[in-house]
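This report walks through one structure, part by part. Please look over the sequence and the model below before reading on.

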Amino acid sequence: MIYRENGQFKTSYGADQQIFPIAQDRWAVLAIIAFAFIGVPLLADEYMFRAILIPFLILSLAALGVNLLVGYCGQITLGAGAFMAIGAYAAYNFLIRIDGMPLLGALILGGLTSAAMGILFGIPSLRVRGLYLAVATLAAQFFWDWAFLRIKWFTNDSSSGSVSVSNLDFFGWTIDAPAEKYLFCLGMLVVFGLLAKNMTRASIGRQWMAIRDMDVAAEVIGIRPMWAKLSAFAVSSFFVGVAGAMWGFVHLGSWEPAAFSVDRSFQLLFMVIIGGLGSIVGSFFGAAFIVILPIFLNQMLPALGGLFGVSISTAAVSHAELIIFGVLIVFFLIVEPHGLARLWATSKEKLRLWPFPH
Amino acid sequence: MAFFLETLIGGLMAGMLYALVALGFVLIFKASGVFNFAQGAMVLFAALAMARFSEWFNAALGGDSLLLANILAFIASGGVMFVVAWVIERLALRNLVNQEGATLLMATLGITYVLEGVGQTIFGSEIYAIDVGMPKEPVMMFENLFEGGILINKEDFIAALIAAALVAGLSLFFQKTSTGRALRAVADDHQAALSIGIPLNRIWVIVWCVAGIVALVAGIIWGSKLGVQFSLATVALRALPVVILGGLTSVPGAIIGGLIIGVGEKLSEVYLGPYVGGGIEIWFAYMLALVFLLFRPQGLFGEKIIDRV
Amino acid sequence: MSKQIGDVILDLQNISLRFGGVKALTDISFNVREHEVRAIIGPNGAGKSSMLNVINGVYHPQDGKIFFRGEERKAMQPHMAAAQGIARTFQNIALFKGMSVLDNIMTGRNLQMKSNLLMQALWWGPARNEELKHRARVEEIIDFLEIQHIRKTPVGRLPYGLQKRVDLGRALAMEPKILLLDEPMAGMNVEEKQDMCRFILDVNDQFGTTIVLIEHDMGVVMDISDRVVVLDYGKKIGDGIPDEVRSSPEVIKAYLGAGH
């Protein structure tokens, strides 16, 4: 009864094309954002920030980037981790090699470097698709894994191979405490989320989706496949690169190439599958799910075992985690290929008609 | 010269093993259009089963006959792979018929995780040895041709022979038996095959079983060489460029692709590696495949795909 | 109804197209005049769709010349043909299934949209205005095709007849000089066919769009087209106004077999 659009008439196309055409949605989203900025910092403790909230925000950003490429443009990637790494190492090098480089500048430049590499490794997409493209992106993954491990220039000749960033300074605001890191990440995510949403509802987003749904027809109505695909690779890699830089700078502080291995790439892909391909909000759902599930299992399984008097080792928990992940992925692909976002949309649809479904 | 040949032969041997894993990919892709990312996990699963069964049977037999224990273990592992194939077909593939290639690829990624988790839960996650009595000592060959001769690993040699025999056997199976003919029919056109009464689901189970057996053989060879451990699962990632190079639908392509990649990796590592810091064999194969993709997307022996409007 | 048929806008000379050893088109010449409705007919496998694919640059003929508005066309990609004002619809509907009707038709406006990526990401000033301007134009097409009620529906959920209409709408959104229609009425019932005929004639009439059309329904072809080309086994066997073609012995032979 509460959630309906009766009486909300649009008198201009502008009003009809806003992000949330239904007033209740607008208020709800504003309330959630306000709560995230004001309420959460008051309520959460340090563990929540470090283990759940900050990883969730940064991985959401990365998943958003992957979703633009995989979900909107239909180009599969198994190399997202490498682009996180490129963003992180590029930002690191810009920060330490250029005096007075501001934090935001380094993050953006890291993202741009990643975007340039995204274009380079996206070139095969002009010739091949599907799993052949997956192989091309894997090539990026393995090449950059190797490069950041073996080419010492990237890590500023650090002897251990790990690099670290401290004293994050955002226009005079020192980002230090977990709550501050959280707020910084949240701010970035809101801005990038908005950018992504705008692109997907504009001409460029339609070009991506057209290429995804039917590339021959897209070309026939005048979409240049090269521009559409490479721009998707660039924008996606930019998002992922910025997320990578934030993962290194804000979340980890110091990191090694292993932080961005092929497992990270798979993880990001799963986020968008489970969350929902071709859905902005789905990226957030997917990231939340993948961040929280292992923590949940780690807490739950030993407790569950305790109930039956069985002690469950950490190895067993990690195996169980693998199994549950795998089963969930297959389950989602079979039952709901559009992921959590579709479930969300369906329930909203139902709610709109409730209590008079016919 | 002798050193170059040694490297070359070493590469060919390694390539034969890649070819074995790639063969698993090709078999499943040909018959069901699924690019089976889980092939590596299947190798791990099969090798774990083989290692542990052999250990258990050996203990049960009182350590008298390693050969008998190994034969029993092979049969048991084969049975396990059959069950795996059946479960995968029943629970996953059957429900994903007619989905896009990318969806299927992601589904097999999920299957990979499940297999890794289940395999390690049942069989443990330590490093295990498989001892099938392969000779370990290297032999010198061609001493009369080259000064100092060429050092060849007997184990590699036998492994290559087994792989070759397997490939020959599979080719015969595909060409000469009625099941093989049905398999090829299914590969060509699912619906047409279905309409003349070929049981699609049973065919898929058979294909996955065959791929499972191939995985078992690959697992035994790799396992007896390097020990059975989790890193075996990543063998799929190493063999991926092989199928791209050879063409996804071609059995000979898998073999030749495997050999090219094996040789390329070894040669690049030995002759190029020192200049760029080593460890390049991991991405070298991918770059080779990538360059190849740009010029001949269907691979060396794959079928050309023509889009129709 | 008297309409002004203009000069030759598209001229195809001695077009031959081969796929490996298979000859899809052999030495075909014909032209299309401005504002006319030009039909291409022929039995299955005659090369009609290949002909359209040659015109809009999907296939590249081995021999022959194509003149578009008096200029010879060089190597051509489909998106370049689109930029020149050649639009088409598809025999097997090729809509973007995951997108709404509105978005599908909006993609047709893509060529006219000029704002850059950054502007679009910011949804800022010019980009927003451009979006709204084209939305207004697309709404006119939606009105014209009488599909207002489904504008927000994903096209995958629509029945066949409506999908065909959306396909036409997407092509119209390009404001093409020439509109290529590949069996626009295949699989429709009589009423849907009547609707579609009306839309085609209206487009031709109101917007002055030149139309090249492939159709199997002879009644429709004879009724709405100004001139007809007949293909058989990749060769041209007839060309002229509907009445001429209908009485041509060769055409009758191709359709009914030699015995009649």
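Leaving aside residues up to four places away in sequence, C:Leu95 touches C:Asn104, C:Val155, C:Gln163, C:Val166 and C:Asp167. Two residues are in contact if their C-beta atoms, placed from the backbone, lie within 7 Å. C:Leu95 belongs to the loop between strand S6 (86-88) and helix H3 (101-107) of chain C. Helices (H or I, at least four residues) and strands (E, at least two) are DSSP runs, numbered from the N terminus.

C:Leu95 counts as buried because it has 26 C-beta neighbours inside 10 Å. The terms work as follows: a residue is buried if 20 or more other C-beta atoms lie within 10 Å of its own, exposed if 12 or fewer, and partly exposed in between, with C-beta atoms placed from the backbone. From C:Leu95 to C:Val138 the separation is 43 residues in sequence and 16 Å in space, C-alpha to C-alpha.

## Basis of the model

This is a predicted model, in which local features need pLDDT of at least 70 and side-chain atom pairs count only at pLDDT 80 or more, while totals for chains, interfaces and linings use all residues. Residues are numbered from 1 along each chain as its sequence is written, and chains are lettered from A and ligands numbered from 1 in the order in which they are written.

The pLDDT is the predictor's confidence in each residue, from 0 to 100. Chain B has an average pLDDT of 82, and 92% of the residues score at least 70. Within chain B, the lowest confidence is in strand S1 (residues 138-141), with a mean of 67, and the highest is in helix H3 (residues 66-92), at 90. Where pLDDT is low, the predicted coordinates should not be read in detail.

## The sheet of chain C

Chain C holds an open sheet of 4 strands in the order S2-S1-S4-S5, with antiparallel pairing. Its edge strands are S2 and strand S5 (71-72) of chain C, each of which pairs on one side only. Helix H1 (residues 48-55) of chain C packs on the sheet and touches S1 and S2 of chain C; the direction of this helix makes about 120 degrees with that of S1(C). Such axes are lines fitted to C-alpha atoms, for helices over the stretch in contact, and angles run from 0 to 180 degrees between N-to-C directions.

Strand S1 (residues 8-19) and strand S2 (residues 22-33) of chain C run antiparallel and are joined by 8 bridges. Two strands pair if DSSP finds at least two bridges between them. C:Ile15 stands opposite C:Ile28, and C:Phe19 stands opposite C:Val22. The hairpin of S1(C) and S2(C) has 2 residues between the strands, and C:Gly20 in this hairpin has a positive phi near 60 degrees.

## Where chain A meets chain B

How many residues does each chain bring to the contact? Chain A gives 35 residues and chain B gives 39 residues. On the side of chain A that touches chain B, helix H6 (131-150), helix H11 (262-275) and helix H13 (314-335) each supply at least two residues. H13(A) has the largest share, 13 residues.

By class, this side of chain A has 30 nonpolar, 3 polar and 2 charged residues. Ala, Val, Leu, Ile, Met, Phe, Trp, Tyr, Cys and Pro count as nonpolar, Asp, Glu, Lys and Arg as charged, and the others, Gly among them, as polar.

## Where chain A meets chain C

Here 26 residues of chain A are in contact with 32 residues of chain C. Helix H1 (13-16), helix H7 (178-201), H8 and helix H9 (215-220) of chain A each supply at least two residues of the side that touches chain C. The largest share, 8 residues, comes from H8(A). This side of chain A divides into 13 nonpolar, 8 polar and 5 charged residues.

Helix H8 (residues 203-213) of chain A also packs against helix H10 (residues 225-252) of chain A, at an angle of about 105 degrees and with their axes 9 Å apart. H8(A) is therefore roughly perpendicular to H10(A); angles under 35 degrees count as roughly parallel, over 145 as roughly antiparallel, 65 to 115 as roughly perpendicular and the rest as oblique.

## Two exposed residues with positive phi

A:Asp157 has a positive phi, near 55 degrees, and lies in the loop between H6 and strand S1 (163-164) of chain A. A:Asp157 counts as exposed, with 8 C-beta neighbours inside 10 Å. C:Glu146 also has a positive phi near 55 degrees, and counts as exposed with 11 C-beta neighbours inside 10 Å. Most residues other than glycine have a negative phi.
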